[in-house]
Amino acid sequence: MVGVYAGIHNNSYYLNNVLHRQDLIERVGAFTAMVGNEKDYVATRVAHKLGLTGPAISVHTACSTSLVAVCQAVQALQTFQCDMALAGGAAVTVPQRAGYLYQ
């Protein structure tokens with residue numbers, strides 16, 4: 001059994017590029033569009049797409065999300081809740097208006 005422990009930042013792409021495009025939302029349905037972009041479904045979505053059958057836990061702890069996800073995965077391995085674990089976090093902001101931009 002492979003577990004997934006993951007967290008992501010709020011989905012700015014969905015808010016800026018999908019939400020106001022009713023044609024895109026109608027193509028897949030409002031619920032499917034929301035589930036496909038909502039941060040709370042990251043672990044279950046990854047587990048489903050990869051065919052994993054272990055625990056799927058979405059983690060959201062502000063600045064420590066990735067660290068907590070890894071810690072939870074280690075604890076799950078130590079307590080035999082899963083045989084392997086996929087753990088981590090991601091944050092991508094679209095459009096990117098801060099940081100170092102290539103020119």
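Biologist: In strand 2, which residue is the bridge partner of Ala6?

Modeller: The bridge partner of Ala6 is Ser58. This is a predicted model, in which local features need pLDDT of at least 70 and side-chain atom pairs count only at pLDDT 80 or more, while totals for chains, interfaces and linings use all residues. Residues are numbered from 1 along each chain as its sequence is written, and side-chain values use heavy atoms, with hydrogens and water left out.

Biologist: How many bridges join strand 1 and strand 2?

Modeller: Two strands pair if DSSP finds at least two bridges between them; strands (E, at least two residues) and helices (H or I, at least four) are DSSP runs numbered from the N terminus. Here strand 1 (residues 2–8) pairs with strand 2 in the parallel sense over three bridges.

Biologist: What is the strand order of the sheet, and which strands stand at the edges?

Modeller: The sheet is open, with three strands in the order 2-1-3 and parallel pairing. Strand 2 (56–58) and strand 3 (84–90) stand at the edges; each has a single partner strand, so one side of each lacks a neighbour in the sheet. From one strand to the next, the twist averages 10°.

Biologist: Which strands does helix 4 touch?

Modeller: Contact means heavy atoms within 4.5 Å. Angles run from 0 to 180 degrees between N-to-C directions, with axes fitted to C-alpha atoms, for helices over the stretch in contact. Helix 4 (residues 42–50) packs on the sheet and touches strand 1, strand 2 and strand 3, its direction making about 135° with that of strand 1. Helix 5 lies across strand 1, strand 2 and strand 3, and runs at about 170° to strand 3.

Biologist: Which residues make up the largest nonpolar core?

Modeller: In soluble globular proteins, nonpolar side chains tend to be buried together. A nonpolar core is a set of buried Ala, Val, Leu, Ile, Met, Phe, Trp, Tyr and Cys residues joined through side-chain atoms within 4.5 Å; buried means under 20% relative accessible area, exposed over 50%, and partly exposed in between (1.4 Å probe, protein chains only). The largest core has six residues: Tyr5, Val59, Ala69, Ala73, Ala76 and Cys82. Helix 5 (residues 65–78) gives the most to this core, with three residues.
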